[in-house]
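Me: I would like to learn how to read a few features in a model like this one. Could you take me through them step by step?

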Amino acid sequence: MPVTATLDARPSAPKGLLAQLASIVGGYHVLSDPDLTAGHEVDWTGRFTGPTPVVVRPRNPHEVAAVLRACAQYRVPVIPQGGNTGLVGGGVPRQGEAVLSTTRLTDLEPVDRLSGQVTVGAGATLAAVQRHVREAGYDIAVDLAARDSATIGGMVATNAGGLRVLRWGPMRSQVVGVEAVLADGRVMNRLSGLPKDSSGYDLTQLLVGSEGTLAVITRVRLRLIPLFTDRVTVLLALQDTATALRVLALVRGSVPSLDSAEITYADGVALVHKHLRLPSPFRTPTPYPVHLLLECAAQRDPADDLIEALERSPDLLDSAIATDEPSRRALWAHREGHTDAVNAAGVPLKLDVAVPLEELAAFEQEVRGLTVRHAPGARLVLFGHLAEGNYHVNILDAGDRDEELSEAVLRAVARRGGTISAEHGIGVAKARWLSLTRAAVDLDLAAVTKRAWDPEALLNPGVLFSADPA
Amino acid sequence: MSFRLVVCVKYVPDATADRRFAQDTTTDRESVDGLLSELDEHAVEQALRLAEAIGDAEVTALTLGPDGAETALRKALAMGVDKAVHVQDDAVHGTDVMGTSAIVARALELTGYDLVVCGMASTDGAMGVLPALLAERLGVPQLTLLSEVGVEDGVVRGRRDGDAATEDLRAPLPAVVSVTDRSGEARYPSFKGVVAARKKPVRRLDLADLGIEPGTVGLRGAWTVVDHIAARPQRRAGAVVEDDGEGAGAGQLAAFLAAGAFI
Ligand SMILES: Cc1cc2nc3c(=O)[nH]c(=O)nc-3n(C[C@H](O)[C@H](O)[C@H](O)COP(=O)(O)OP(=O)(O)OC[C@H]3O[C@@H](n4cnc5c(N)ncnc54)[C@H](O)[C@@H]3O)c2cc1C
C-alpha cells in the first residue's frame, strides 16, 4: 500500500463515515478537500483556527439527524457552524472534529400574521429573515452588524444581543420555539409557538445560549415586532458616564419608543473620525468627553416625545438630531464605526462584559486604571450598549500583557456582580473564566445538563466547559 | 437694515429609497419620504456662516414645493435660519426649471435680498442651472459652484475649484451664488434649534400673491415635455447553473468561465 506523507498532517475521517455522509447529503455536500474546508476552519477574527477532516452540509432536519447518527456511530465529535461570525471561537474546529454547516437549512415559512410569528430554518441569515418578514409588515427585534452572514441558529445558540435589547430583549426574548436534533439523532420539536405553556421545563429556552453543546438547532420560531416607519436619532454630548446614566433614566421613564442607547468616549470617537474621515457632529473645537446616541422608533414621528423629555435637562452640553434617513445614518456612523476603526488601528484585545448599571461609572474608571497599571502605553477604547451596562472593552498595543489584563478586567467584572460575556457567548475563548461568575453549584448543574443531552460528549467539545479553569 | 441672506432649498425624494413616476410623468412624491436636499444643506450652512460673520444679518429659507416641503423648511429653521417662505400652489405641479426660476425669482423680489445662496444642484433633478437662471431673471451677477464664499464692503467673494485651475471671483451685491458640497459640512440641528424653530415664522405664498399666471407654469407651461417614461430594464438575470447534486454544476461553471475568457 502506498504511503503518502504530508508535512501538514491533517486529520482524516474514517472512510466509512465519508461514504455514509455522502449517501445522506450527496457527495457534493461532503467537503474534505482542504481548499474547500479552509473557509470553515478559521473564525471571523482570525484568532481561532483548527483542522477538520470533513465539512458536511445537510439540507433539512432529517439529513441533520442522519448525519449526527453517522458521526455518533463513528464517535467523531461535531462542531455546529452557522455563519461563522461568532467572536469567541465556538464555531470552528479545534482538533479534527467534523463541521456540520447549517447554511443550507434556509427554508422560510410564511409569516403567521395571526400570531405575529414566523418559523425559519436555522441556517437562514438574519438579513434574509429581515427581508422576508418586512414584506409582511413585520420586523425582527434583534439586529446586528453581522446580519448578512450571521444565521438565526447561531444567534439563538449564542443568545445574541445587539442594538435594540433595551426595548425588546436579546435573542432569548424573540425565540418562541425550536426544533433541534440531539447528538444521537433524536429530534426535539417545540415549534408550536404557544405564548402560554406552563408544562414543565422550558427546553426551548435551555437551547438559547447553549452554543451548540446540547443539540443542533434546525428550525426556529420567532416572535415578530411591527415594522416601524418613523425614527429619530440623536447624539448627545455629555460630561461623563454618570450623566449618561441619568439621561438614560430620564428618557426610559417617559419615552416608550426608545430603541437604542449607545455610549462612546472621546478617544474612540477621535479614532472613528480619523478612520472614516468624518467631521465632528458638533461645532466646538474641543471634543466632548462622552457621546450618547439615542434612537426611538414608532409609527408616528417620535422626535417630539424625545425632545420634550430632554429639553430641560441641564446635562446636555450639546445635541445633534436627525430624522431623515441620510442624516440618521451619518449619526450612526460615529457609533458603528468603532469596531472597524479599532481593527484598523491594530489587533485589539476584545472583551464583552456587563456590570449592573449602578456599578457602571465606577467600573469605567476601574478599567481605565487597570489598563494604565498593567499595560502602560496601551490604548483603551470603550463603547457599548448603555442600558444593559454592556461595554465592549478594546485594548490596543497591550503586547504581552494581554492575558494579565484580561484576567484583571474580568475579575473586576466578577467583583461587581457582572458577567464575563454579555452577548458574544463563552465559546472556547472565555471558558476558563466562567468560574469567576458562576458558583460551583451552577457549574455542576451545567455539567449534568450537558451529560443528559450529550452523554458521549460529541457536540462542540471545548466550548463552555474548560479543562483548565482559572 | 440687516443684511438679507436668502437661501433657496428644495424638498426632494429620499435618493436612497425606490423612486417611482406618477401617471402624468412627474415624480410620485407619495411613494417615498421627502427631505431637505443634502446639497442644499451646504447652502444653508454657508448662509448661516455668512450671517455669523456679518453679524447684523438675517437668513430666510425659501422653497417652492408641495405641502410636505415644510419639512425641509423646518429642518433649515432648526439649523438656525431665522424665517422661511413657502411658495405652494396646486398649479405648480409639473413645473420645469424655466417655470421654477420664474416663480422663485418673483418670490425673491417680493421678500427682498442682498445675497441669494443656492446649492450646486438638486439631488433629484440634478440640473444645476437654477442659480444661473435666477441671476439672469433678477438681473444680478452670479458666482456659481463656490467652495468658499465671503461678503465684505458690498462685495461677495468666492473660490471656485475647477479641475484645471482655482478661480478667485468677486461680484458686487446684490448677487446670486451657489456652493458645492465641498464648501463645508452642514451642521446638525440641536434640540435647542428644533425647539426654537417651532416659533419661527413660515410665510406662505401662492401664485396669485406673486402675480404669476397659472397657465405659464405647471405641466402646461413647461418648455419641455416628457413624452414617455420607462423604468430601466432590470439587469438580466444571467445564466443560472443548477447542480444535479453530483457536482456536474462545477463543470458547467468552468465551461462558462472558459467561454467568457474569464479564466
Ligand atoms: C461585525 C460583527 C458584529 C457583531 N455584532 C454583534 C452584536 O451586536 N451583538 C451580538 O450579540 N453579537 C454580535 N456579533 C457576534 C455574532 O454575529 C453572533 O455571535 C452571531 O449570533 C453568530 O451567528 P453565526 O451564525 O455566525 O454563528 P457561528 O459563528 O457559526 O456559531 C456561533 C456559535 O453557535 C453555534 N451554532 C451555530 N449554529 C448553530 C445551530 N444551528 N445549532 C446549534 N449551535 C449552533 C456554534 O457552534 C458556535 O458555538 C458580531 C459579529 C461580527 C463579526
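Me: Which domains does the assignment give for chain B?

Reply: Domain bounds come from an automatic or database domain assignment, and for chain B this gives domain 1 (3–221) and domain 2 (237–263). Taken over C-alpha atoms, the centres of domain 1 of chain B and domain 2 of chain B are separated by 54 Å. Please keep in mind that this is a predicted model, in which local features need pLDDT of at least 70 and side-chain atom pairs count only at pLDDT 80 or more, while totals for chains, interfaces and linings use all residues. Residues are numbered from 1 along each chain as its sequence is written, chains are lettered from A and ligands numbered from 1 in the order in which they are written, and side-chain values use heavy atoms, with hydrogens and water left out.

Me: What is the strand order in the open sheet of chain B?

Reply: Strands (E, at least two residues) are DSSP runs numbered from the N terminus, as are helices (H or I, at least four residues), and two strands pair if DSSP finds at least two bridges between them. In chain B the order of this three-stranded open sheet is 8-9-10, with antiparallel pairing. Strand 8 (148–152) and strand 10 (166–172) of chain B are the edge strands, each pairing on one side only. Strand 8 of chain B is joined to strand 9 (residues 155–161) of chain B by five bridges, and Gly150(B) has Arg157(B) in strand 9 as its bridge partner.

Me: Which residues come nearest to the ligand?

Reply: A residue counts as near if one of its heavy atoms lies within 4 Å of the molecule; of the 33 residues around the ligand, Pro80(A), Gly82(A), Thr85(A), Gly86(A) and Thr151(A) come nearest. For polar contacts, which are pairs of N or O atoms within 3.5 Å, a polar backbone atom of Pro80(A) is 2.6 Å from an oxygen atom of the ligand, and a backbone N or O atom of Thr85(A) lies 2.7 Å from a ligand oxygen atom. For Met155(A), the distance from a polar backbone atom to an oxygen atom of the ligand is 3.4 Å.

Me: Which element gives the most to the shell around the ligand?

Reply: Helix 5 of chain A does, with five residues. The elements that give two or more residues are strand 3 (78–81), helix 5 (152–158) and strand 9 (215–223) of chain A. At least three residues of the shell come from each of domain 1 (15–101) and domain 2 (117–226) of chain A.

Note on methods
Polar contact = N/O pair within 3.5 Å; in protein donor to acceptor, adjacent residues only side chain to side chain.
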